[in-house]
Amino acid sequence: MLKTLYTRLALGLLLLLLMVALLYGFISFYSLKQYNASVNQEIHRNLASNLVADRNLVSEGALDQAALRDLFALYMAINPSIEIYLLDLDGTILSYSADPAKIKRNNVSLEPIRTLLANPEQYPVLGDDPRSHERQKVFSVTPVPSADQPEGYLYVVLRGEEYDTAETMARGGQLVALSAWALLVALVVVMIAGLLVFRLLTARLTRLTRLVEAFEAGDMSQHPERTWRSQRPVIKDEIDYLGATFDDMAQRIASQIDLLREKDAQRRQLVAQVSHDLRTPLASMQGYIETLKLRRDRLSAEEQASFLQIALQEGQRLSRLVDELFELAALEAREKQPVLEPFPLAELVHDVAHKHIPEAERRSVTLTVSGSRQLPLAFADLSMTERVLDNLIGNAITYTPEGGQITLELGESDGQPEVSVRDSGPGIPAKDLPHIFEPFYQGDGEGNGGHAGLGLAIARRIMSLQGGDIRAENVQEGGACFSIRLPVAASGHH
């Protein structure tokens with residue numbers, strides 16, 4: 001019942017209106033009571049002094065007791081809402097016009113009397129009601145026989161017991177009924193208006209909820225046909241902003257699901273390729289070792305040494321492949337982050353070239369470095385860049401035939417230091433060239449398009465992390481060319 005926002009808002013509005021009604025009733029009752037008391041006291045503030053003057057209560061400077069008794073009798077008969085009391089200077093009640101059986105006080109507080117006499121304009125001032133120990137009422141008072149020679153006070157309670165009874169009846173009668181009906185009608189009108197406003201406000205939230213439910217129930221990989229922007233193209237408030245944000249989120253979720261599916265397909269393919277690449281050297285090692293075990297007594301020492309050498313080479317190949325797998329995984333997970341620093345790329349290239357010259361000479365391949373050493377300082381990770389150069393030069397040596405040439409060419413591209421590794425091998429088949437940096441890509445060609453492990457995938461990832469780039473192309477004279485370009489350091493040329 002209370003699950004919808006509209007129902008909760010309606011219930012909240014109802015409770016709020018009830019609280020407003022109670023507060024309004026309390027404030028209205030209190031204000032009306034204070035207002036009536038103020039008006040009553042203002043109208044009758046001179047009543048006590050007028051009674052003394054009109055009824056000749058003071059004769060020859062003294063209070064006429066007979067005239068006072070006549071006054072009590074008269075007002076009890078013609079105006080029972082007014083009660084008259086004679087007090088001494090201590091507030092003790094000496095005589096009164098009320099029913100003696102209902103008088104509960106022997107004296108009244110003089111503090112309100114002094115307050116009103118000191119400032120007749122201050123009202124309402126409430127004094128003690130002789131008929132009750134708790135109740136206070138408005139009053140009129142005057143010193144008797146005179147203000148110059150006071151012997152007591154004429155204390156007139158303006159709202160006596162008869163008035164209270166009449167007021168209680170009126171309050172419980174037609175006036176209260178009319179006020180209650182007026183308040184009820186006002187609350188009903190406000191409630192209906194509030195519900196209509198809430199309906200208008202929550203209608204768009206309901207539509208947005210349906211869009212979310214439809215997207216959740218459907219194929220999240222499909223971009224939603226119905227969008228919030230198609231219904232409300234202009235963002236006017238927070239609800240429109242929320243709807244537009246949901247549209248963007250739904251688009252991203254669909255795109256991410258597509259990407260996850262693509263990544264999952266690549267992962268499956270990668271697992272299959274890794275399994276194949278790991279199984280090949282492992283099977284080769286196992287085969288040669290089993291042969292040694294079964295035919296060791298029939299094989300010559302040279303054959304045994306050859307078998308062991310082949311098994312060792314396959315083990316080394318397997319070890320390199322596992323190391324490359326871990327390295328690529330660490331790079332993809334960003335566990336290995338480059339430490340960027342400025343360094344001269346030309347010096348690094350010469351150092352790496354000297355390291356590979358012995359291997360090139362064993363294969364009868366010429367390895368040279370050309371180009372200017374005056375290059376801008378590179379801003380990259382020195383060891384990671386060396387790892388890339390090792391891979392490119394090692395691949396070039398592997399695929400360059402005897403008598404071939406490998407050239408490391410230094411230069412600049414768009415103001416950034418660049419080095420190209422150019423070989424005289426068979427080159428890369430055109431259909432394999434776009435995929436050469438993909439992990440475990442198996443080309444059909446005999447040259448560079450064949451499988452070369454994970455080195456090129458690692459090289460591309462390293463260059464991406466450093467903010468550089470790597471590219472491969474075939475040269476017109478024959479062979480392949482791999483080029484890397486690094487960000488330039490702010491310090492300028494070296």
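Reply: Buried means under 20% relative accessible area, exposed means over 50%, and partly exposed is in between, with a 1.4 Å probe and protein chains only. This is a predicted model, in which local features need pLDDT of at least 70, side-chain atom pairs count only at pLDDT 80 or more, and totals for chains, interfaces and linings use all residues. Residues are numbered from 1 along each chain as its sequence is written, and side-chain values use heavy atoms, with hydrogens and water left out.

Me: Is glutamate 83 buried or exposed?
Reply: Glutamate 83 lies in strand 3. Strands (E, at least two residues) and helices (H or I, at least four) are DSSP runs, numbered from the N terminus. The relative accessibility of glutamate 83 is 2%, so this residue counts as buried.

Me: Which side chain does glutamate 83 join through a polar contact?
Reply: A polar contact is a pair of N or O atoms within 3.5 Å; within protein, one must be able to donate a hydrogen and the other to accept it, and residues adjacent in sequence count only if both atoms are side-chain atoms. Here the contact is 2.9 Å, and the partner of glutamate 83 is tyrosine 85.

Me: How are the rings of tyrosine 85 and tyrosine 96 classed?
Reply: Rings of Phe, Tyr and Trp (its six-membered ring) pair if their centres lie within 6.5 Å; planes under 30 degrees apart count as stacked, over 60 as edge-to-face and the rest as tilted. By this rule the count comes to 5 aromatic pairs. In the pair of tyrosine 85 and tyrosine 96, the centres are 6.1 Å apart and the planes are at 45 degrees, so the class is tilted.

Me: How many residues apart in sequence are the parts that tyrosine 85 and tyrosine 96 tie together?
Reply: Tyrosine 85 has 0% relative accessibility and so counts as buried, whereas tyrosine 96 is partly exposed at 26%. Tyrosine 85 belongs to strand 3 (residues 83-88) and tyrosine 96 to strand 4 (residues 93-96), so the separation of the parts is 11 residues.

Me: What is the angle between the planes of phenylalanine 139 and tyrosine 155?
Reply: Phenylalanine 139 is in strand 6 (residues 136-144) and tyrosine 155 in strand 7 (residues 152-157), 16 residues apart. Phenylalanine 139 counts as buried at 0% relative accessibility, and tyrosine 155 does so at 1%. Their rings form a tilted pair with a centre-to-centre distance of 5.2 Å and an angle of 35 degrees.

Me: Which residues do ring pairs link into a cluster?
Reply: Two of the pairs have been described above. The cluster made by ring pairs consists of Tyr85, Tyr96, Phe139 and Tyr155.

Me: Which peptide bond is cis?
Reply: Most residues other than glycine have a negative phi, and most peptide bonds are trans. Proline 145 sits in the loop between strand 6 and strand 7. With omega near 0 degrees, the cis bond runs from valine 144 to proline 145.

Me: What is the phi of aspartate 414?
Reply: Aspartate 414 is in the loop between strand 11 (405-413) and strand 12 (416-423). This residue counts as exposed, at 72% relative accessibility. Although aspartate 414 is not a glycine, its phi is positive, at about 55 degrees.

Me: Where is serine 364 found?
Reply: Serine 364 also has a positive phi, near 60 degrees, and is a residue other than glycine. At 40% relative accessibility, serine 364 is partly exposed. Its place is the loop between helix 10 (345-362) and strand 9 (366-370).

Me: Which residues are in contact with aspartate 247, leaving aside its neighbours within four places in sequence?
Reply: Aspartate 247 lies in helix 8 (residues 238-295) and counts as buried at 5% relative accessibility. Contact means heavy atoms within 4.5 Å. With those neighbours set aside, the contacts of aspartate 247 are Thr227, Trp228 and Arg229.

Me: How many helices and strands does the chain have?
Reply: The chain has 494 residues, of which 37% are buried. Among its contacts with a separation of 6 or more, 64% are between residues 24 or more positions apart. The secondary structure comes to 12 helices and 15 strands.
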